[in-house]
Amino acid sequence: MQRKFCSACGGALAPATEPHGSQPCASCGTEHFRNSKPCAGAVVARGGRVLLVRRAIEPFKDHWDIPGGFLHEAEHPEDGARREILEETGLRVRLVETLGIYMDRYGGEDAEEWTLNVYYLAEPLDDAEPRAADDASEIAWFAPDELPAEMAFNHEREVLAAWRARLRQT
Ligand SMILES: [Zn+2]
């Protein structure tokens, strides 16, 4: 995402000259790097079904989503994934392995903000039933052949395809 003002002196910034390039401040020289925002989430599976949440907030309110979210400063992605799942579903999970890292835009094809999304495979620590909370309005388990046709974010189709590919291997 392009910045409009310098974070150090408040001066106006010119747009970056290269795609995704940095924006130096012409007044004080401070460089403004444009990074993707780090996010973490997990495919939580039980008995071959995956846990999805329906979004209660924009963007993509009411779309199905994989539990996860933005990392806090200094937070390890593993801790962030467990925290987000607990907040949205009430479930405590064990992260089994890293599924992959996926790039996306936050808010659709034309959004300026990029995200870097770390995903894990996870399983619940106990038999507790999930409850939708925080920024989730509904929650459900889905079999691999009953997944929602449309997910909130483009990269989530790839994440679920990776999960299905793992299921076929086992
Ligand atoms: Zn400046």
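**A first stop: the loop at Phe60**

Select Phe60, which has a relative accessibility of 24% and therefore counts as partly exposed; buried means under 20% relative accessible area, exposed over 50%, and partly exposed in between, with a 1.4 Å probe and protein chains only. Phe60 belongs to the loop between S2 and S3. Helices (H or I, at least four residues) and strands (E, at least two) are DSSP runs, numbered from the N terminus. The phi angle of Phe60 is near 65°, a positive value in a residue other than glycine.

Before continuing, note that this is a predicted model, in which local features need pLDDT of at least 70 and side-chain atom pairs count only at pLDDT 80 or more, while totals for chains, interfaces and linings use all residues. Residues are numbered from 1 along each chain as its sequence is written, and side-chain values use heavy atoms, with hydrogens and water left out.

Remain in this loop and select Asp62, which is found between S2 and S3 as well. Asp62 is not a glycine, yet its phi is positive, at about 75°. With 42% relative accessibility, Asp62 counts as partly exposed. Now select Glu58 and Pro59: a cis peptide bond joins them, with omega about -5°. Pro59 is in the loop between strand S2 (49–55) and S3. As background, most residues other than glycine have a negative phi, and most peptide bonds are trans.

**The whole chain**

How many helices and strands does the protein chain have? There are two helices and seven strands, and along the sequence they follow the pattern β-β-β-β-α-β-β-β-α. The C-alpha atoms fill a box of roughly 60 × 30 × 25 Å, taken along the principal axes. Of the 170 residues in the protein chain, 42% are buried.

Colour residues 1–34 as domain 1 and residues 37–169 as domain 2; these bounds come from an automatic or database domain assignment. The C-alpha centres of domain 1 and domain 2 are 33 Å apart.

**The zinc site**

Select the zinc ion. Which residues coordinate the zinc ion? The SG atoms of Cys6, Cys9, Cys25 and Cys28 do so, at 2.3 to 2.4 Å. Donors are N, O and S atoms within 2.8 Å of the metal (3.2 Å for Na, K and Ca); water is not among the atoms, so sites may look incomplete. The four donor atoms subtend angles of 104 to 117° around the zinc ion, which makes the arrangement tetrahedral; four donors count as tetrahedral if all angles lie between 85 and 135 degrees. The sequence spacing of the donor residues is C-x2-C-x15-C-x2-C. Both Cys9 and Cys25 lie in the segment before strand S1 (37–46), so this pair ties together parts that are 16 residues apart in sequence.

Compare the cysteines in turn. Cys25 is buried, at 4% relative accessibility. Cys9 is partly exposed at 42%, and Cys28 is partly exposed at 40%. The structure holds zero disulfides, a disulfide being a pair of cysteine sulfur atoms within 2.5 Å.

**Aromatic pairs**

Next, display the aromatic side chains; the structure holds five aromatic pairs. Rings of Phe, Tyr and Trp (its six-membered ring) pair if their centres lie within 6.5 Å; planes under 30 degrees apart count as stacked, over 60 as edge-to-face and the rest as tilted.

Select Trp64 and Phe142. Their ring centres are 5.0 Å apart and their planes are at 80°, so the pair is edge-to-face. Trp64 is in strand S3 (residues 64–65) and Phe142 in strand S7 (residues 136–142), so the pair ties together parts 78 residues apart in sequence. Both Trp64 and Phe142 are buried.

Move to Tyr106 and Phe153, whose ring centres are 5.5 Å apart with planes at 20°, so this pair is stacked. Tyr106 is in the loop between strand S5 (93–105) and strand S6 (114–124), while Phe153 is in the loop between S7 and helix H2 (155–169), 47 residues apart. Tyr106 is partly exposed, at 25% relative accessible area, whereas Phe153 is buried, at 8%.

Lys37 lies over the face of Phe70, at 5.6 Å from the ring centre; a charge sits over a ring if NZ of Lys or CZ of Arg is within 6 Å of the ring centre and within 35 degrees of the ring normal.

How values were computed: Four donors count as tetrahedral if all angles lie between 85 and 135 degrees; four count as square planar and six as octahedral if opposite donors are over 155 degrees apart and all others between 65 and 115; anything else is irregular.
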